[in-house]
Amino acid sequence: MRRRSWLAFGLLAAWAFSLTAQEPVPQSSFGESIDVRVVNVEAVVTDAKGNRVRGLTAKDFQLLVDGREVPIEFFAEISGAEASPSPSEAAASDPAGLAAPADPRGRNILVFIDDLFSVAGQRDAVLAGLERDLKLLGPEDRMAIVALGMGGRPDVLSSWTGDQGALATALETARKRRAWGNDVLAMRRSIQGEQELARLAEEDGSLSLYRDGAGTFSGARGVSSFWSMSPSGSGVDSRLYSRLLKVPVAVVAAMRTLTPPPGRKVLLLVSGGWPVPRLMVPMMTEANRLGYTAYPVDAQGIDMAITVNDASQSGPSGDTAWVSSQWEHGVHDGLELLARVTGGKALLNSARLDALGRTVEDTSQFYWLGFTPTWKGDDRHHGIRVKVRAKGLTVRSRGGFSDFSQSSEAALAGYSTLLLGGDPKDKRLVVEMGKPAAGKGSTMTVPVTVMIPVADLSTVEQDRRWHVEAVLSLGAMDKYGTYSDYMEIPLRLSLKEAPKPGGLARYKTSVKLRRIDQRLVFTIRDPLAGTVFWGEAEVRP
């Protein structure tokens, strides 16, 4: 997730920490958290005619992780509102006697709305369909709604709820938000016009007017720039690429931050059109890791950058119709990739208008398989494949998951807090910012004091002292929505007496930042308890 292009205005130097009113502790670690995880896999089984197959048991499946078969430790068949079997019922109906560790009947549908690339009319048609089909949600279904605007920080329009009235109000609010897709269309048409002008100049022999001394098209707006960002020829200019990069960060933050109730996790992703398939990699990685099945929606329908005259042209000669077609092909390729890897379906063309109904129907019957990894979080991607032993049947499921370490988990959680904020009850860090001092060039140095509630952290008594271990992290986001790299510092305290309720440990540091308005988010992670506290501050030079 940490792409350098996203961090251009981030932190410019390492932290310098000093501890006040505390003493250093021995360097050996005093404890280790117990990591118990279950990876759940939803599988849809169909016959040769595409009909759903019911009545299978755990013994009918093979679950392969990294090419090796692993035991299926949890199993349930889910069909509509039918109750999943209790352990005793499972033992009677299934020879394996396996029951799912949580009730998977309820759907948790995270609706993510892209306002950056969506045209208002196209987006609103999709949202109207979602509102119309809210009646299809069951009593145990929940929905949350998030929208991404130009600032780069997603807005939570509704947290998890089954209240259809509240969801309808949130969708109405979403339709009133500004959409920026017309700006994208204007930019694309401008680029297409420049390309056509260069092509005509080449045909009449005056191409030299459009070349610089090095023999390339002059300026950042030439044909070379038009194709430079996309080897597949989808035509993503650098003027659009920075906007594209905000999307995966925001989608991942929404999945991580909005923790759903128990049940199946579904991502209904309303896309305004992202023509770079590789953009889906961070989203499908996080969706697989968190167990989300993705149903991406192409809100744009027909590509509006194609005019009536252009539509009659075709071929790889560089005309605008072929470029526009490649854009739409890139959009569809990416959405289908995201759906295929996570076990969902891409909702394209007319299917976008009843996206919720199709999603509800597709997630109404499936098999729930679970296993426990034998390794700790290793920051690796692990392939998953589900097979059915009977011939002639097809399985659709997610293709893998990324098993993040605690350190990577904390960094990703920090990015999410930076974008969406954290849980208010966990906002326990008090942060005091000193007066910024101008540094070299466009930088500034800011003194910071972080007051940490040590009584809320795990302590271990040893040799008449109380030891505390924690991890302090910081991320920054400037007023243009550009993010810093997330920095992490391990902290160890040794106290002469047990922490008292309300007691604080003061940490002083200084951070070097670009001289621009910044929002800083600090987090403290307790490795033993697995809890995370956070606080925030703003810097205005």
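Biologist: Does F371 count as buried or exposed?

Modeller: This is a predicted model. The reading rests on relative accessibility, and a residue under 20% is called buried. F371 has a value of 2%, so F371 counts as buried.

Biologist: With which ring does F371 pair, and how is the pair described?

Modeller: A pair of aromatic rings is described by the distance of the centres and the angle of the planes. The partner of F371 is F401: the centres are 6.1 Å apart and the planes stand at 65 degrees, so the pair is edge-to-face. F371 belongs to strand β11 (residues 365–371) and F401 to strand β14, so that the pair links distant parts of the chain, 30 residues apart. F401, at 3% relative accessibility, counts as buried.

Biologist: How many aromatic pairs are there?

Modeller: The count comes to five aromatic pairs. One of them joins F61 and F75, whose ring centres lie 5.8 Å apart with planes at 50 degrees, so this pair is tilted. F61 is in strand β3 and F75 in strand β5 (residues 74–79), so the pair ties together parts 14 residues apart in sequence. Both F61 and F75 are buried. Ring pairs also link F61, F75 and Y367 into a cluster.

Biologist: Over which rings do the charged ends of R178 and R264 sit?

Modeller: The charged end of R178 sits over the ring of W180, 3.7 Å from its centre. For R264, the ring is that of F366, with the charged end 4.2 Å from its centre.

Biologist: In what order do the strands of the open sheet of four strands stand?

Modeller: The order is β4-β3-β12-β14, and the pairing is antiparallel. At the edges are β4 (68–70) and β14 (400–403), each with a single partner strand, so one side of each has no neighbour in the sheet. From one strand to the next, the twist averages 35 degrees. Strand β3 (residues 61–65) pairs with strand β12 (residues 380–388) over five bridges. Within this part of the sheet, V65 stands opposite I384 in β12.

Biologist: Which residues touch the most other members of the largest nonpolar core?

Modeller: In soluble globular proteins, nonpolar side chains tend to be buried together. Here the largest nonpolar core has 47 residues, and L110, F112, M255, L267 and W274 touch the most other members. Helix α7 (residues 246–257) gives the most to this core, with eight residues.

Biologist: Where does L148 lie, and what does L148 touch?

Modeller: L148 is in strand β7 (residues 142–148). Its relative accessibility is 0%, so L148 counts as buried. The C-alpha atoms of L148 and F112 are separated by 7.7 Å, although the two residues are 36 apart along the chain. Residues up to four places away not being counted, the contacts of L148 include F112, L116, R177, V247 and A250.

Biologist: Which residues other than glycine have a positive phi, among them N349?

Modeller: N349 has a positive phi of about 55 degrees and is not a glycine. N349 lies in the loop between α9 (320–342) and α10 (355–362), and at 43% relative accessibility it counts as partly exposed. R464 also has a positive phi, near 65 degrees. R464 is in the loop between β18 (459–462) and β19 (465–478), and its relative accessibility of 74% means that R464 counts as exposed.

Technical notes. Residues are numbered from 1 along each chain as its sequence is written. This is a predicted model: local features need pLDDT of at least 70, side-chain atom pairs count only at pLDDT 80 or more; totals for chains, interfaces and linings use all residues. Side-chain values use heavy atoms; hydrogens and water are left out. A nonpolar core is a set of buried Ala, Val, Leu, Ile, Met, Phe, Trp, Tyr and Cys residues joined through side-chain atoms within 4.5 Å. Buried means under 20% relative accessible area, exposed over 50%, partly exposed in between (1.4 Å probe, protein chains only). Helices (H or I, at least four residues) and strands (E, at least two) are DSSP runs, numbered from the N terminus. Two strands pair if DSSP finds at least two bridges between them. Axes are lines fitted to C-alpha atoms, for helices over the stretch in contact, and angles run from 0 to 180 degrees between N-to-C directions. Contact means heavy atoms within 4.5 Å. Rings of Phe, Tyr and Trp (its six-membered ring) pair if their centres lie within 6.5 Å; planes under 30 degrees apart count as stacked, over 60 as edge-to-face and the rest as tilted. A charge sits over a ring if NZ of Lys or CZ of Arg is within 6 Å of the ring centre and within 35 degrees of the ring normal.
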